[in-house]
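Me: I am new to this structure and would like to go through it in questions and answers. Please show it, and then let us start with a term we will need.

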Amino acid sequence: MNREEAILRELNLYPLWQRRGQAKPVCEQEAAAAQPIIEQVTSQSVMEKAGLQNLASCNWPELKALVKNCTACKLRAGCTQTVFGMGDVRADWLFVGEWPGADEDVQGEPFVGQSGKLLDNILAAIKLKRGHNVYITNTVKCYPPGNRTPEANEIAQCVPYLERQIQLIQPKLIVALGETAALLLGYDAALPDLRGKLHNYRGLSSHSLDKDIPLIITYHPTDLLHTPLNKAKAWDDLCLAVATMQRLV
Ligand code: SF4
């Protein structure tokens, strides 16, 4: 079983769910049956404490409170705080990273430290600025011990939060930074095979979105710090993102 299948199994969606673009489309009846299951993934006690029936009805303050108080997986016990995301909640641009690092864990904001500086420079290069028509978040909201890769069940527990953020923002374009971000958005392949092209995102759960959102996958800033040679490829991806956005607005 590959990593995507492991995550979908944790969500009780495997083998019902087939990624968009795969040969067998998901059956609508099966997807409808899967919907309550994905909602149950979020800690029921947290939902009850917040007086909410399901995540799909959460507004921003409710969603923030849910994430802040979430103990749905073991990552919360080892981190300082959850890192929800930041920026313009009506942004056209949504940048999705992987998980908070040690600096993010301390400051409670995504993309701080060296990778944050590089992301800010990347944004500036395409005439964007953090917080202005840009929202930034991660696929997983808690720092994993020792900055390890989150396990499939931990990623699966956190999926509904990102899904709801995307529903609320309704960005025109999503830029996934790194392989794990791409994985959570439904793509399981090596990053070189995913970058450099336009994908469509509709969410992993059946209630996610009314329409597809264009999605571009590129390197995570931390990868670029380790392998500067990939910066030229990342720049190509960002040019594709800019050209796509120009067509959309
Ligand atoms: Fe909750 Fe996500 Fe943190 Fe796990 S990683 S405790 S699911 S917010």
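Me: What do buried, partly exposed and exposed mean here?

Reply: The words rest on relative accessible area: buried means under 20%, and exposed means over 50%. A residue in between is called partly exposed. The model these words are applied to is a predicted one.

Me: Is asparagine 147 buried, partly exposed or exposed?

Reply: Asparagine 147 lies in the loop between strand 3 and helix 8. Its phi is near 60°, a positive value in a residue other than glycine. Most residues other than glycine have a negative phi. The relative accessible area of asparagine 147 is 40%, so this residue is partly exposed.

Me: Phenylalanine 111 also deserves a look. What is its relative accessible area?

Reply: Phenylalanine 111 is in the loop between helix 6 (102-107) and helix 7 (113-125). It has a positive phi of about 55° although it is not a glycine. Buried means under 20%, and phenylalanine 111 is buried because its relative accessible area is 2%.

Me: Which residues surround the ligand?

Reply: By class, the shell around the ligand has eight nonpolar, one polar and two charged residues. The residues are Cys70, Ala72, Cys73, Leu75, Arg76, Val140, Lys141, Cys142, Gln157, Cys158 and Tyr161.

Me: Which element gives the largest share of the shell around the ligand?

Reply: Two elements give two or more residues to the shell, helix 5 (75-78) and helix 8 (152-169). The largest share is three residues, and it comes from helix 8.

Me: What is the volume of the largest cavity?

Reply: A search of the whole structure finds five cavities of 30 Å³ or more. The space taken by the ligand is the largest cavity. Its volume is about 110 Å³.

Me: Which lining residues are closest to the centre of the largest cavity?

Reply: The lining of the largest cavity divides into nine nonpolar, three polar and three charged residues. Of the 15 residues that line it, the closest to its centre are Cys70, Cys73, Cys142, Cys158 and Tyr161.

Me: Which element gives the largest share of the lining of the largest cavity?

Reply: Helix 5 and helix 8 are the elements that give two or more residues to this lining. The largest share is four residues, from helix 8.

Me: How many disulfides does a search of the whole structure find?

Reply: A disulfide is a covalent bond between the sulfur atoms of two cysteines. To count as one here, the two sulfur atoms must be within 2.5 Å. The number of disulfides found in the whole structure is zero.

Me: Which cysteine has the sulfur nearest to that of cysteine 79?

Reply: Cysteine 79 is buried, because its relative accessible area is 9%. Cysteine 79 is in no disulfide. The nearest cysteine sulfur is 3.7 Å away and belongs to cysteine 142.

Me: How far apart in space are cysteine 142 and glycine 78, C-alpha to C-alpha?

Reply: Cysteine 142 lies in the loop between strand 3 and helix 8. With a relative accessible area of 9%, cysteine 142 is therefore buried. Cysteine 142 and glycine 78 are 64 residues apart in sequence, and their C-alpha atoms are 8.5 Å apart.

Me: What separates the C-alpha atoms of isoleucine 213 and glutamine 170?

Reply: Isoleucine 213 is in strand 6, which covers residues 213-218. Its relative accessibility is 5%, so isoleucine 213 counts as buried. Isoleucine 213 and glutamine 170 are 43 residues apart along the chain, and their C-alpha atoms are separated by 8.2 Å.

Me: What is the relative accessible area of aspartate 237?

Reply: Aspartate 237 is found in helix 12. Aspartate 237 and tyrosine 219 are 18 residues apart in sequence and 8.9 Å apart in space, C-alpha to C-alpha. Aspartate 237 is buried, because its relative accessible area is 1%.

Conventions
Residues numbered from 1 in each chain as written. Predicted model: local features only at pLDDT ≥ 70, side-chain atom pairs only at ≥ 80, totals over all residues. Heavy atoms only, no water. Near = heavy atom within 4 Å. 1 Å grid on protein atoms, 1.4 Å probe; cavity = no way out; pocket = protein on both sides within 12 Å on 5 of 7 lines; lining within 4 Å. Sits in = over half its atoms within 2 Å of the grid points. Nonpolar A, V, L, I, M, F, W, Y, C, P; charged D, E, K, R; others polar. Buried < 20%, exposed > 50% of the residue type's maximum accessible area, 1.4 Å probe, protein only. Points joined across faces, edges and corners; volume = space filled by probe spheres on them.
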